[in-house]
Amino acid sequence: MSKDFQGGLVGFGAVTEAAHVPALKAAPNLSIIAIAESSPERRKAAANAFPKARLYESMDAMLAGESDLDFVVIATPPVLHGEQTLRAIRAGCHVLCEKPLTLNLEQFESIKREAAAANLTAFTVHNWAFSPQWRKIYEIVDAGALGELRHVEL
């Protein structure tokens, strides 16, 4: 029997809603149990997407309130990524972070060193498989509008 992984989202903007939510909901053995979002309006959107998740106004409140997080997905403004990644690692969480992971080389070295020491993964998102433009392409292909595809190169 495989382990169920519990995660938290940090930031619930357009990228999270359009890209991360479909991927996270489709992932087996994974559940989002907590969401940190400073905007009351975006917290409402988060509650609609994950009705069972506990909502927090900040990442620090989420990390303090949740002891069972296996991973955190960070989708906040880039200037926050490095420090938030370090805080998640220090809380014992694997991290999936929107790009860029950090804007600072020293901070990158700290992330690398601390993640390795804790046997945790810090990974940067570079996959657009669930972005609106790719969804449209999949829709066109699935409808057969392009005929049989044998090769696609971008």
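Hi everyone, let me start on the outside of a helix: the face of H5 turned away from its buried side carries the exposed residues Leu-105, Glu-106, Arg-113, Ala-116 and Ala-117. Keep in mind as we go that this is a predicted model.

So which residues of H5 are buried? They are Ser-110, Ile-111 and Ala-115. These three cover an arc of only 120° around the axis, which puts them on the same side of H5. As a reminder, an α-helix has 3.6 residues a turn, so residues three or four places apart point the same way. And what do the buried residues of H5 pack against? Their partners are helix H4, residues 78-90, and strand S6.

The helix itself runs from residue 105 to residue 117, which makes 13 residues. From the first C-alpha of H5 to the last is 18 Å, close to the 18 Å expected at 1.5 Å a residue.

Now have a look at the two ends of H5. At its start, a side-chain oxygen of Asn-104 comes to within 2.8 Å of the backbone nitrogen of Glu-106.

Is Asn-29 buried, exposed or partly exposed? Its relative accessible area is 33%, so Asn-29 counts as partly exposed.

While we are on loops, please find Pro-100, in the loop between S5 and H5. The peptide bond leading from Lys-99 into Pro-100 is cis, with omega near -10°.

Let's move to the sheet. In what order do its strands come? Reading across, the order is S3-S2-S1-S4-S5-S6, six strands in an open sheet with parallel pairing. At the edges stand S3, residues 54-56, and S6, residues 122-124; each has a single partner strand, so one side of each is left without a neighbour in the sheet. From one strand to the next, the twist averages 25°.

Which strands does helix H1 lie across? H1, residues 14-26, lies across S1 (5-10), S2 (30-36), S4 and S5. Relative to S4, H1 runs at about 155°.

My last stop is a residue inside H1, namely Thr-16. Thr-16 is buried, because its relative accessible area is 2%, under the 20% cut-off for that word. Who are its contacts? Leaving aside residues up to four places away in sequence, Thr-16 touches Leu-9, Gly-11, Val-21 and Ala-75. With Gly-11 there is also a polar pairing: the backbone oxygen of Gly-11 lies 3.1 Å from a polar atom of the Thr-16 side chain.

To wrap up, here are the places I would bring onto the screen again: H5 with its buried residues Ser-110, Ile-111 and Ala-115, the cis bond from Lys-99 to Pro-100, and the buried Thr-16.

How values were computed
Residues are numbered from 1 along each chain as its sequence is written. This is a predicted model: local features need pLDDT of at least 70, side-chain atom pairs count only at pLDDT 80 or more; totals for chains, interfaces and linings use all residues. Side-chain values use heavy atoms; hydrogens and water are left out. Two strands pair if DSSP finds at least two bridges between them. Helices (H or I, at least four residues) and strands (E, at least two) are DSSP runs, numbered from the N terminus. Axes are lines fitted to C-alpha atoms, for helices over the stretch in contact, and angles run from 0 to 180 degrees between N-to-C directions. Contact means heavy atoms within 4.5 Å. Buried means under 20% relative accessible area, exposed over 50%, partly exposed in between (1.4 Å probe, protein chains only). A polar contact is a pair of N or O atoms within 3.5 Å; within protein, one must be able to donate a hydrogen and the other to accept it, and residues adjacent in sequence count only if both atoms are side-chain atoms. The expected span of a helix is 1.5 Å times one less than its number of residues. The arc is that of the directions from the helix axis to the C-beta atoms.
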